[in-house]
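Work through the exercises below with the structure open. Each task is followed by its solution.

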Amino acid sequence: MASEPMNGAQIVIKALVDQGVDVVFGYPGGAVLPIYDALFKQNKLRHILVRQEGGAVHAAEGYARSTGKVGVVLVTSGPGATNAVTGLTDALMDSVPIVCLTGQVPTHLIGNDAFQECDTTGITRPCTKHNYLVKDANRLAQTLHEAFYVARSGRPGPVVVDIPKDIQFADCPYAGPGNVKHKTYRPQVKGDTRKIGQAVEMIAKARRPVIYGGGGIINSGPKASKLFTQFVKMTGAPTTLTLMGLGALPASDERFLGMVGMHGTYEANLAMHECDVMLCVAARFDDRVTGRLDAFAPGAKKIHIDIDPTSINKNVAVDLGIVGDVANVLEEMIGIWKAEKKTVDKKAVAAWWKKIDGWRKRDSLKFNTDKKLIKPQQAIKRLYEMTLDREIFITTEVGQHQMWAAQHFRFEKPNHWMTSGGLGTMGYGLPAAIGVQLAHPKALVVDIAGEASIMMNIQEIATAVQYRLPVKLFIINNEYMGMVRQWQELLHGGRYSESYSAALPDFVKLAESFGAVGLRATRPDELDDVIRTMIETDNMVIADIAVDPKENCFPMIPSGAAHNEILLGPEDEAEKPVSEDGMVLV
Amino acid sequence: MSDIERHTIAVLVDNEPGVLARVIGLFSGRGYNIESLTVSAVSKDEALSRITIVTTGTPMIIEQIKAQLDRLVPIHSVHDLTDEGAHIEREVALVKVVANGPERRESLRIADIFGATVADTTIESFVFSLTGKPEKLDAFIELMRALGKTEIARSGIVGIARGAKAL
Ligand SMILES: Cc1ncc(C[n+]2csc(CCOP(=O)(O)OP(=O)(O)O)c2C)c(N)n1
Ligand SMILES: [Mg+2]
């Protein structure tokens, strides 16, 4: 393959194009100027200029989660790289495939405290799946291809490639992606057939089965969600999903119990507590899901399928762990189930469903409406109902609004729900929505936001406006860091220390000053009109929805409590004080 | 709470910058114990290094440690020597003893009993070199401490499985 000699910067562009990248989120600076120059001279890659590097990583996350492709970030050395750290950590926690290219001072200056030097590989080592410092121009192309391979293979995650400026200028050889056969990193994707057979056996024998699916199903790709849904239907087992797993089973499926965990439904949590066999599919027994560990599903035999062996037996000891890609493992499970003509114990499972239906009747997500005040749940519910006929992607910030969105917005498909689950990063939703909108230009993309969170990356409005991305900010404005206030109410005697959102901007004027459209609803009878106008406006919109500032998010399993100690509403709160052990937990 | 076990784990890694930092960062970041850690290149051609880690934890933690190590990208293989059958562990100690008169003579006698060699000598000091199991080194060092001013350097533990099977 004879080609014209290229310098490192050109190699970077070529490698990205050959990896199928069409958009890069970035911000320029001294240490990446050669790459920006190479970007300028080509038209295969689109560069989206964010307004802060943190925004670039979240935008790449939104792009990646909504497409299944690797999201790409380009930032400069020093502050460019350090600003990316939160996004990288977020992507690591939620297993989002990201390749982040960082500029670095020239190799001969490394270690000299040069201008805008920082130890990028040192700083990002614990918050990436892997990282590289390219010191040899001959290895640049291969390193870049390897970075993509590592980011997307196995359990996906963020990979940093730190590229000193002299390498960007140096003439380098180029080789295409080919078939990267990594020397050491070859994650196990096929499950152990014997164990899969055992799993099938355990589920067929269950009297009170529960399937608990997580974000790994989404990460594995749409096929995994299809197979998951198929398996749920075949077995008829009651099924719950984690925050990250929403969409893996259509919310309209009658077997779906709603979300599990701290703000999950009554029926999902009690079913987890009382099941006799639990099939965990690509979830990770996070503390937000398990509640108090020693009281977690005490009578259940547990099966865990995950591509990452470290997730198995980490928090909860399981009876059967299967390492492999969920799509592969589910396919094999379905095959065995069919071949051996398995059925569940119909009578026992019918009785189990009867019990669950009793819990369902409590209608744990119900809320009261009010004549004067918009209820936050009501705002989200109306948004859901009024957009049923559209292709809609939802992102969120972090707080009560995020939990209400997870509870009241119902997802029928995977990859349509983007939220910061593991790290809980306020400021995620707006840049993530920008990334989603770029990947899906025709779709409706809404960031369900809180008024406090949105201030964390508010500068990204300019990005949306610059690229004419009609992202919608739907701000559930309760004038509080509501989730903080709720915990202060529950644990700290209602002393609302620093959790009031003072000196808020006028979001309507703010929108207008950026060249976006601002809307506001303050009364319930204004809500539908604002939502209608918002979704019909072909422009970036900020809809400021003034909601009841006192509303709390229920159900809630206080930290340190067990699933069956779930609080259903404010009445429960007074009756069941939080334990001292629970207080210290986050 | 299950019992705390002590395991010796051998890890073959790519000999590349940062790999040791990854391993150490993993242990400190996740709160695992390191009783001993040694590292050295073992093959120039393949650019391989071998890290030997002695750690303690419940069986569940030990499993976690191995799985966590195994998923680091530049790691070739992880072997739990303690689990995989009989193995040998060795450590080197260099022990400086500053003493005169009978103490000095006694130090030489004890060194002889332990099979330590004299690596350096002056009129008022010896440096002994001793190779063996860590417990043997502990015993030797304790005796030497009683005889005079001491300075101790220990290598940390290296381990290898007995028998013909090679990694
Ligand atoms: C970057 C960051 N800082 C702090 C927190 C802690 N925190 C979690 S929720 C929350 C309040 C969020 O307020 P708002 O965005 O208004 O959402 P609400 O809970 O009111 O819906 C805070 C401060 C966080 N999750 N992320
Ligand atoms: Mg708020």
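The model is predicted. Helix H9 (residues 193-205) of chain A holds both Glu201(A) and Lys205(A), four residues apart, about one turn of the helix.

**Exercise 1.** Decide whether Glu201(A) and Lys205(A) form a salt bridge, and describe the exposure of each residue.

Solution. 
- Step 1. The cut-off is a side-chain nitrogen of Lys or Arg within 4 Å of a carboxyl oxygen of Asp or Glu.
- Step 2. The closest N and O atoms of Glu201(A) and Lys205(A) are 3.6 Å apart, and the pair forms a salt bridge.
- Step 3. Glu201(A) has a relative accessible area of 31%, so this residue is partly exposed. Lys205(A), at 60%, is exposed.

**Exercise 2.** Find the parts of chain B linked by Lys66(B) and Asp83(B).

Solution. 
- Step 1. The two side chains meet in a salt bridge, 3.4 Å from N to O.
- Step 2. Lys66(B) sits in helix H2 (residues 59-70), and Asp83(B) in the loop between strands S4 (75-80) and S5 (87-98) of chain B.
- Step 3. Lys66(B) is buried, at 14% relative accessibility.
- Step 4. Back in chain A, salt bridges with shared partners join Glu201(A), Lys205(A), Glu340(A) and Lys342(A) into one network.

**Exercise 3.** Identify the edge strands of the six-stranded open sheet in chain A.

Solution. 
- Step 1. Write the order: S11-S10-S9-S12-S13-S14, with parallel pairing.
- Step 2. S11 (256-259) and S14 (320-323) of chain A each have a single partner strand, so one side of each lacks a neighbour in the sheet.
- Step 3. Neighbouring strands are turned by 15° against each other on average, direction ignored.

Technical notes. Residues numbered from 1 in each chain as written. Chains lettered and ligands numbered in written order. Predicted model: local features only at pLDDT ≥ 70, side-chain atom pairs only at ≥ 80, totals over all residues. Heavy atoms only, no water. Pairing = 2+ DSSP bridges. Helix = DSSP H or I, 4+ residues; strand = E, 2+ residues; numbered from the N terminus. Axes fitted to C-alpha atoms, helices over the stretch in contact; angles between N-to-C directions. Buried < 20%, exposed > 50% of the residue type's maximum accessible area, 1.4 Å probe, protein only.
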